Amino acid sequence: MSGAHARHARGRSTATDGAGRTFRTDAGIAEPPPRPTAPPTTTATSVIGEVGPLDEAPAGTEAATVAESFPGPKPYATAPAAAATPRTSTTPSASTPSASIPKAPARKTDLVTEITASLVVFLVALPLCIGVAVASGVPAELGIISGVIGGLVVGAARGSTLQVSGPAAGLAALVAETVLEHGVAMLGVIVLFSGLLQIVLGLVRFGRFFQAISLAVVQGMLAGIGLPLMFSQAYPAADAKAPGTPIENMAGVPGLLADTAGNPQALIAAALGILTVVLSFLWKKVPGPVGKVPAALVAVGIGIAVAALPGVDVRTLQVGNLLASVDVPGAEQFAGLADAGIITAILTFTVIASAESLFTAAAVDRMHDGPRTRYNPELIAQGAGNTVAGLLGALPITAVVARSSANVQAGAKTRLSRTLHGLWLLAFALLLPQVLALIPISVLAGVLIHSGWKLFAPQEFPKMWRQDRGECAVMTLTTLVIVATALLEGVLVGLAAGVVLAAVRMSQTVIRQDTDDDTAKVVMAGNATFLRLPQLIEALEAAAESGKPRIRLDLTGVTHLDHACRSQVEEFVTQQRGKGLRVELLLPGPAQRPATSGEPTAHRPAQPDPLPRRQTTPAPSPAPGPTAEWFYLDTRPMPEDFAERYAQEYAPGYTEEHATHGYGPWYTDGYAQSDPRGHAPH
């Protein structure tokens with residue numbers, strides 16, 4: 001092929017020069033053949049399509065044209081070809097037949113397994129529903145009604161597949177405080193409007209927001225719920241009445257121990273409560289099928305048996321008519337919405353119930369490999385359940401970890417199991433209410449003490465301390481504020497502390513001062529925010545007091561310069577220039593290469609015309625279409641013998657021919673050291 005001959009294909013052409021070298025040209029700009037390297041090391045995390053060696057490309061394509069143009073070994077493709085069709089694909093494209101895409105085997109619903117799982121969840125949920133109601137200071141029937149709604153309403157809705165909802169121990173202290181302040185009648189209105197607000201939040205796609213809350217705040221919130229719950233239930237475990245606030249409950253423990261020691265019946269009740277707590281911790285270690293029976297159910301059975309013994313007089317559950325306990329809010333209750341305390345309670349219930357449900361959803365998703373939770377539909381489902389619960393005057397509903405984990409471990413795969421568990425709760429409450437009256441209250445208190453310990457999770461504090469002391473401080477602060485004040489105040493304080501901690505850590509700024517001859521230098525790098533203003537002002541004042549006639553402020557290493565720091569720097573520059581000093585200010589911005597090298601041109605040997613180079617500023621190209629191909633890029637550094645291999649393989653004799661001019665070593669070394677964007681070395 002002669003130097004004047006050119007062959008065109010698909011808008012591109014290749015040309016040769018007198019030395020026998022072949023190049024591809026595009027819009028009159030020639031480019032050298034690719035550098036010879038070993039097969040590239042893959043660094044991409046996903047691939048849409050791969051293309052084989054160019055010598056196997058179909059005729060008539062751009063890849064075939066380029067392959068014919070290059071002598072020697074065929075290089076690997078390193079750029080997308082918009083018109084080419086992928087030879088192999090790991091992700092289906094528009095042109096891939098659907099029949100060739102392997103499909104995951106469909107999950108087969110086992111009706112027997114679903115029914116069995118629903119019975120297991122029912123056995124776990126029954127004592128929890130009753131215990132939460134008692135701890136909340138409301139009739140036990142309201143806890144069962146909320147459990148039924150959690151199964152039949154929330155369980156049948158879309159969102160999460162295996163998560164089970166019902167009255168949660170995490171809200172027991174909050175409900176008890178609300179009932180004590182506003183009465184049981186107002187509870188329905190608060191729960192109703194909390195549910196409506198949850199639905200609105202789900203419709204505006206606010207569910208994902210709860211994933212952005214600091215984990216330290218979440219764990220601190222759970223610990224702040226669990227710790228007061230344990231102390232409040234220590235009193236019913238001994239057939240006594242709790243004094244009131246968490247601080248009062250903690251302070252009254254010594255008196256509780258003294259009173260219990262002097263009362264034989266209180267000792268029996270306390271023994272049942274302690275036995276329940278011990279069984280809750282150890283029962284899962286029992287081997288065989290017996291260990292699969294819920295520990296709470298075993299404790300309830302033992303408690304009923306002990307309470308039936310002659311001479312034993314412990315308090316048992318008082319159960320009335322399930323339907324008679326329904327209390328639909330009336331006009332008088334709705335008028336209470338004008339009270340600021342009621343509005344605060346609604347907001348508190350909404351935030352805590354939503355956060356607990358969605359955090360539980362994330363935890364349950366890690367327990368199985370089935371469908372993931374869709375947060376916004378799940379938030380709407382929780383809102384629908386609380387709306388119905390509010391209309392019936394029942395307890396608020398959230399997702400519950402204990403029931404959900406039991407559902408997963410029982411082998412459930414669909415929503416059927418969690419829906420049926422609500423049906424079993426309803427049937428039991430309607431057909432066998434007399435059985436509930438045999439359950440000792442101390443046993444239910446022991447179940448909730450175990451739940452409170454799991455919420456408190458004391459092992460998480462040293463673990464967080466080892467991982468991140470700042471986050472541990474936020475976690476501890478959240479817990480202490482909740483215990484000392486209330487749930488909402490503690491969460492808000494924890495969120496504020498988390499934001500402050502994040503802001504301080506984001507403001508990592510390094511400021512270095514130096515003097516050189518007649519110049520005082522201040523170099524800054526990192527994130528410069530108003531939190532670092534004292535350091536910045538100190539460095540600027542030191543530069544001004546150095547007595548040098550020239551000040552150089554280098555801020556090119558700053559990744560973020562907020563308004564406060566920028567204003568301070570600009571004000572300093574204006575003041576110093578007004579005093580007659582020469583101030584150089586380098587602000588952060590896009591890096592620019594100097595146009596010329598630092599080496600004087602006169603000392604550089606005369607060079608012949610360099611080899612053609614790739615265009616450094618490519619023309620904008622349209623977005624890739626459905627048939628676009630994606631390729632792996634080789635990001636490894638060039639081998640040391642690249643220059644010699646390049647000259648021998650693609651330009652034989654060219655280096656020797658121009659060796660007298662010093663071209664070969666200068667160009668090949670420079671080409672090997674050129675930056676990845678194609679800029680010539682300086």
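The following paragraphs lead through a predicted model, from a pair of helices to a surface patch and then to the salt bridges.

Helix α12 spans residues 340-365 and helix α13 spans residues 375-391. Their axes come within 10 Å and cross at roughly 130°. That angle makes α12 oblique to α13, because angles over 145 degrees would be needed for the pair to count as roughly antiparallel. The crossing in which α12 passes α13 is right-handed.

The surface provides the next feature. Val200, Leu203, Val204, Phe206 and Phe209 make up a nonpolar patch there, and together they have about 480 Å² of accessible area. One of these residues, Leu203, belongs to helix α5, which covers residues 184-203. Leu203 has a relative accessible area of 61% and is therefore exposed, since the cut-off for that class is over 50%.

Charged side chains form another part of the picture. Side chains of opposite charge can pair when their charged atoms come close. The structure holds 6 salt bridges, and three of them are described here in turn.

The side chains of Arg566 and Glu570 meet at 3.9 Å, N to O. Arg566 counts as partly exposed, with 30% relative accessibility, and Glu570 is partly exposed at 38%.

Salt bridges also link up through shared partners: Arg550, Arg552, Arg582 and Glu584 are joined in this way into one network. Within this group, Glu584 forms a salt bridge with Arg552, and their closest N and O atoms are 2.7 Å apart. Glu584 lies in strand β10 (residues 582-586) and Arg552 in strand β9 (residues 550-561), so the pair ties together parts that are 32 residues apart in sequence. The two partners fall into separate classes of accessibility: Glu584 is buried, at 15% relative accessibility, whereas Arg552 is partly exposed, with a relative accessible area of 29%. The value for Glu584 counts as buried because it falls under 20%.

Terms used:
Residues numbered from 1 in each chain as written. Predicted model: local features only at pLDDT ≥ 70, side-chain atom pairs only at ≥ 80, totals over all residues. Heavy atoms only, no water. Patch = residues over 30% accessible without salt bridge, like charges linked within 9 Å, V, L, I, M, F, W, Y side chains within 5 Å. Areas by Shrake-Rupley, 256 points an atom, 1.4 Å probe, with all protein chains shown as cover. Salt bridge = Lys/Arg side-chain N within 4 Å of Asp/Glu carboxyl O. Helix = DSSP H or I, 4+ residues; strand = E, 2+ residues; numbered from the N terminus. Buried < 20%, exposed > 50% of the residue type's maximum accessible area, 1.4 Å probe, protein only. Axes fitted to C-alpha atoms, helices over the stretch in contact; angles between N-to-C directions. Parallel < 35°, antiparallel > 145°, perpendicular 65-115°, else oblique. Left-handed = near helix turned anticlockwise from the far one by under 90°.
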